[in-house]
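Keep the sequence and the 3D view open as you read.

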Amino acid sequence: MNPLLDKLQPYPFEKLRQLFSEVTPNPAFSAISLGIGEPKHPTPAFIQEALAANLSGLASYPTTAGSDALRTAIAGWLERRYGLPPPDQATQVLPVNGSREALFALAQTVIDPARDALVMCPNPFYQIYEGSAYLAGAAPYFVNSDPQRNFAPDYGRVPPDVWARVQLLYVCSPGNPTGAVLTLDDWRELFALSDRYGFVIAADECYSEIYFKDEPPLGALEAAHKLGRSGYPRLIVFSSLSKRSNVPGMRSGFVAGDAVILKKFLLYRTYHGGAMSPAIQAASIAAWNDEQHVAENRAKYIAKFKQITPMLQEVLDVALPDAGFYLWAKVDKCVPISDTEYAKRLYAEYNVTVLPGSYLARDAHGANPGQNRIRMALVAEVDECLEAAQRIVEFTQKLAKIH
Ligand SMILES: Cc1ncc(COP(=O)(O)O)c(C=O)c1O
């Protein structure tokens, strides 16, 4: 067996299952889960129809690079969304089967394990970053997000001897779980560090189309372009239809950026077997070429978050995020309680599932930045989310009275 597998931690939902294993939720309430970040709004009919109309594609093997038509649709979307010069669809974009597998696979492509490699991750973070680092023979190095700086990791505190070992740096903007979006200044700092130390930046942007501010989130390619960088050196972005178009089961996304890295990534994927089904490719073209369903989807999230955030602010330390579909709340505003205890009692007394923040982060530099926080995924329709919020308010008020 590969000994590196022993380094993988149980996934947060496995930890949650263990936390809840001896709890029987109050039968007076129906179960509501804000635990898993899985989009629940319905898949648009035109995407389903495009998939059904192209089932004949199941009769042939797809190429790893995907069809010209798909790469053209992706390049066109990038150009429209971020105001970029037209990306070269032959060398600068590549379809992937959802951003998750690609985030993992990129580490296998760029890491040289013989050089004492580090992979830099934000903390809290999407769990794939850590697993991909270990399985590529590297070690993760966590940089804690700072609530005082809109949850930006403080890269200025990382010592030069650590930077010298970093081969890959994951960025998540909009962030999961924080919802925070990196600014142009943040990108300027990261690009300067990448130029100096030579590491690759993997920019995870799968939440880019769900946002609450007037301006859409700044993308990494857009930042590079604005800062006058040509060819996106050492930069790869990851985008996905899962959240944008409510198709998490379709497994469709893309990577774009540095053509030199993408050439090697394509080679890796050819051996690994990372080609996308032709039927999915056809449905993806339809999805990337339409923005109306994306705007409607976003409007639903905006209405939901604007109603629910103020309710929860009565009892939790929480703010409307820049983007994404999570609330990242501090639970000890009214009463001293840990995130795990809060989640367990909320489940026992009100049958609402939330994810303890400490499960999404690691102890680093003397702290776990997820401690005393919970992540709530507002993915269900508004009535169910409202019902959950009312129960959370009642539960927290009751807790505060007991103390
Ligand atoms: C931060 C982040 N990145 C990537 C993904 C993977 O999404 P997909 O593989 O559906 O594109 C997720 C899924 O929840 C996520 O939260």
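Predicted model: local features only at pLDDT ≥ 70, side-chain atom pairs only at ≥ 80, totals over all residues.

Residues are numbered from 1 along each chain as its sequence is written, and side-chain values use heavy atoms, with hydrogens and water left out. Helices (H or I, at least four residues) and strands (E, at least two) are DSSP runs, numbered from the N terminus.

**Helix α12 against helix α14**

- Helix α12 covers residues 292-313 and helix α14 covers residues 382-402; they pack at an angle of about 5°, with their axes 10 Å apart.
- That angle makes α12 roughly parallel to α14. Angles under 35 degrees count as roughly parallel, over 145 as roughly antiparallel, 65 to 115 as roughly perpendicular and the rest as oblique.
- Axes are lines fitted to C-alpha atoms, for helices over the stretch in contact, and angles run from 0 to 180 degrees between N-to-C directions.
- From α12, the contact uses K304, Q307, I308, M311 and L312. From α14, it uses V382, C385, L386, A389, Q390, I392 and V393. Contact means heavy atoms within 4.5 Å.
- By class, this α12 and α14 contact has nine nonpolar, two polar and one charged residues. Ala, Val, Leu, Ile, Met, Phe, Trp, Tyr, Cys and Pro count as nonpolar, Asp, Glu, Lys and Arg as charged, and the others, Gly among them, as polar.
- M311 sits in helix α12. At 21% relative accessibility, M311 counts as partly exposed. Buried means under 20% relative accessible area, exposed over 50%, and partly exposed in between (1.4 Å probe, protein chains only).
- Not counting residues up to four places away in sequence, M311 touches L386, A389, Q390 and V393.

**Helix α14 on its own**

- The 21 residues of α14 should span 30 Å at 1.5 Å a residue, and its end C-alpha atoms are 30 Å apart, which agrees. The expected span of a helix is 1.5 Å times one less than its number of residues.
- Buried residues of α14 are C385, L386, A388, A389, R391, I392, V393, F395, T396 and L399.
- These buried residues pack against β1 (32-33), α12, α13 (339-350), β11 (352-353) and β13 (373-377).
- E384 lies in α14 and counts as partly exposed, at 37% relative accessibility.
- E384 and S33 are 351 residues apart in sequence, yet 9.3 Å apart in space, C-alpha to C-alpha.

**Helix α4 against helix α10**

- Helix α4 (residues 99-110) and helix α10 (residues 259-272) pack at an angle of about 105°, with their axes 10 Å apart. That makes α4 roughly perpendicular to α10.
- E101, A102, A105, L106, Q108, T109 and V110 of α4 meet I261, K264, F265, Y268 and R269 of α10.
- By class, the contact of α4 with α10 has seven nonpolar, two polar and three charged residues.

- Helix α3 (residues 68-82) has 15 residues and reaches 21 Å from its first C-alpha to its last, close to the 21 Å expected at 1.5 Å a residue.
- Buried in α3 are L70, R71, A73, I74, A75, G76, W77, L78, R81 and Y82.
- The cover over them includes β2 (93-96), α8 (220-226), β8 (235-240), α9 (241-244), β9 (253-257) and α11 (278-288).
- G83 follows α3 and has a positive phi, near 65°.
- α11 is mostly covered, with eight of its 11 residues buried. They are A279, I280, Q281, A282, A283, S284, A287 and W288.
- Packing against the buried residues of α11 are α2 (45-52), α3, β8, α9, β9 and α12.

**Two buried polar-contact residues**

- N297 is in helix α12 and is buried, with a relative accessible area of 4%.
- The side chains of N297 and H41 are joined by a polar contact of 2.7 Å. A polar contact is a pair of N or O atoms within 3.5 Å; within protein, one must be able to donate a hydrogen and the other to accept it, and residues adjacent in sequence count only if both atoms are side-chain atoms.
- D322 is in the loop between α12 and β10 (326-330) and is buried, with a relative accessible area of 15%.
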